[in-house]
Amino acid sequence: MGKVYVFDHPLIQHKLTYIRDKSTGTKEFRELVDEVATLMAFEITRDLPLKEVEVETPVCMAKSKVLSGKKLGIIPILRAGIGMVEGILKLIPAAKVGHIGLYRDPETLTPVEYYVKLPSDVEERDFIVVDPMLATGGSAVEAINSLKKRGAKHIKFMCLIAAPEGVEEVKKNHPDVDIYIAALDEKLNDHGYIVPGLGDAGDRLFGTK
Ligand code: PRP
Ligand code: URA
């Protein structure tokens, strides 16, 4: 069964408070999401494999370590996932970025896929699917379905705020996927919004509405 990690790092929690605050404007919101994505990327890459190499320092030869293992792919779920990409790339600049476009039908809350563009070597990469919000879980499950259908085998899911319902939905449909969360909130409201949440992530990031 996939594991669920809730990051309790003080910097992540501090910045998340201002992300939640409804008086935080678009510019600051975007900067904070970017910063939290970087901090989360630091935690999520904790288990990347290393290999030993030799390096010549100004003093002598030394054994040291570099990353080994598979290449990484970052998959933002459009739109709001885009806000997390640059923050992750600051730490893993060699990662390729694919995009999966989904929106929630406002009536049924079911995800509708409208765009998929992935790196060509899907089968050779490990993926991190990113979206600020995991609400009903429909979008995350569909994005992971879409990736698996095209050959992806190792997938992690990373979000800022999750509802318990969304976590259960991903665990049920994708028990092989580990989930990384900055905050696990209380519940969903009748409109499928996370309570207390941060409101509409896409609208707050891009200043729409
Ligand atoms: C939001 C959010 C997630 C989705 C989560 O996107 O960014 O993708 O809702 O909800 P779920 O877990 O119930 O599927 P939205 O559908 O509002 O589209 P947008 O990013 O284009 O605004
Ligand atoms: N999508 C959002 O942007 N916010 C929520 O609270 C739920 C889904």
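**Entry 1: Glu43.** I began with the contacts of one residue. Leaving aside neighbours within four places in sequence, Glu43 touches Phe7 and His9. I then looked up where Glu43 sits, and found it in helix α2. Is Glu43 buried or exposed? Its relative accessible area is 18%, so Glu43 is buried. I noted that this is a predicted model.

**Entry 2: helix α2.** Next I checked the helix itself. Helix α2 covers residues 26-44, which is 19 residues. At 1.5 Å a residue it should span 27 Å, and its end C-alpha atoms are 26 Å apart, so the two agree. I listed its buried residues, among them Phe29, Leu32, Val33, Val36, Ala37 and Met40. Asp34 and Thr38 are on that list too. An α-helix has 3.6 residues a turn, so residues three or four places apart point the same way. What do the buried residues of α2 pack against? I found the helices α1 (10-20), α3 (82-89) and α6 (201-206). I also found the strands β8 (125-130), β10 (154-162) and β11 (178-184).

**Entry 3: Leu48.** I moved on to the loop between α2 and β2 (50-56), where Leu48 is placed. Its relative accessibility is 22%, so Leu48 counts as partly exposed. Not counting residues up to four places away in sequence, Leu48 touches Leu67 and Leu72. I also looked up Gly69, which is 21 residues from Leu48 in sequence. In space, the C-alpha atoms of Leu48 and Gly69 are 7.6 Å apart.

**Entry 4: the record.** I looked in UniProt, where an unreviewed entry lists residues 6-208 as "domain: Phosphoribosyltransferase". In the model, that span is 33% helix and 33% strand. Its end C-alpha atoms lie 29 Å apart.

**Entry 5: ligand 1.** I counted 13 residues around ligand 1. The closest are Arg104, Asp131, Thr136, Gly137 and Ser139. Then I looked at oxygen atoms of the ligand. A polar side-chain atom of Asp131 lies 2.4 Å from one. For a side-chain N or O atom of Ser139, the distance to a ligand oxygen is 2.6 Å. Ala135 uses a backbone N or O atom, 2.9 Å from an oxygen of ligand 1. Taken alone, ligand 1 exposes 500 Å², and the protein buries 90% of that.

**Entry 6: ligand 2.** Which residues surround ligand 2? I noted Arg104, Met133, Ala135, Gly192, Tyr193, Ile194, Gly199, Asp200 and Ala201. A polar backbone atom of Ile194 is 2.8 Å from an oxygen atom of ligand 2. A backbone N or O atom of Ala201 also lies 2.8 Å from an oxygen of ligand 2. With Gly199, a backbone N or O atom lies 2.8 Å from a nitrogen atom of the ligand. Taken alone, ligand 2 exposes 240 Å², and the protein buries 88% of that.

Entry 7: Most residues other than glycine have a negative phi, and most peptide bonds are trans. I searched for exceptions. The bond from Leu78 to Arg79 is cis, and Arg79 sits in the loop between β4 (71-78) and α3. Val195 and Pro196 are also joined by a cis peptide bond. Pro196 is in the loop between β13 (194-195) and α6. Leu109 is not a glycine, yet has a positive phi of about 65°. For Lys209, in the segment after α6, phi is positive at about 80°. Lys209 has 89% relative accessibility, so I wrote it down as exposed.

Note on methods. Residues numbered from 1 in each chain as written. Chains lettered and ligands numbered in written order. Predicted model: local features only at pLDDT ≥ 70, side-chain atom pairs only at ≥ 80, totals over all residues. Heavy atoms only, no water. Helix = DSSP H or I, 4+ residues; strand = E, 2+ residues; numbered from the N terminus. Expected span 1.5 Å × (residues − 1). Buried < 20%, exposed > 50% of the residue type's maximum accessible area, 1.4 Å probe, protein only. Contact = heavy atoms within 4.5 Å. UniProt positions renumbered as here; feature names shortened; annotations may be inferred. Near = heavy atom within 4 Å. Polar contact = N/O pair within 3.5 Å; in protein donor to acceptor, adjacent residues only side chain to side chain. Areas by Shrake-Rupley, 256 points an atom, 1.4 Å probe, with all protein chains shown as cover.
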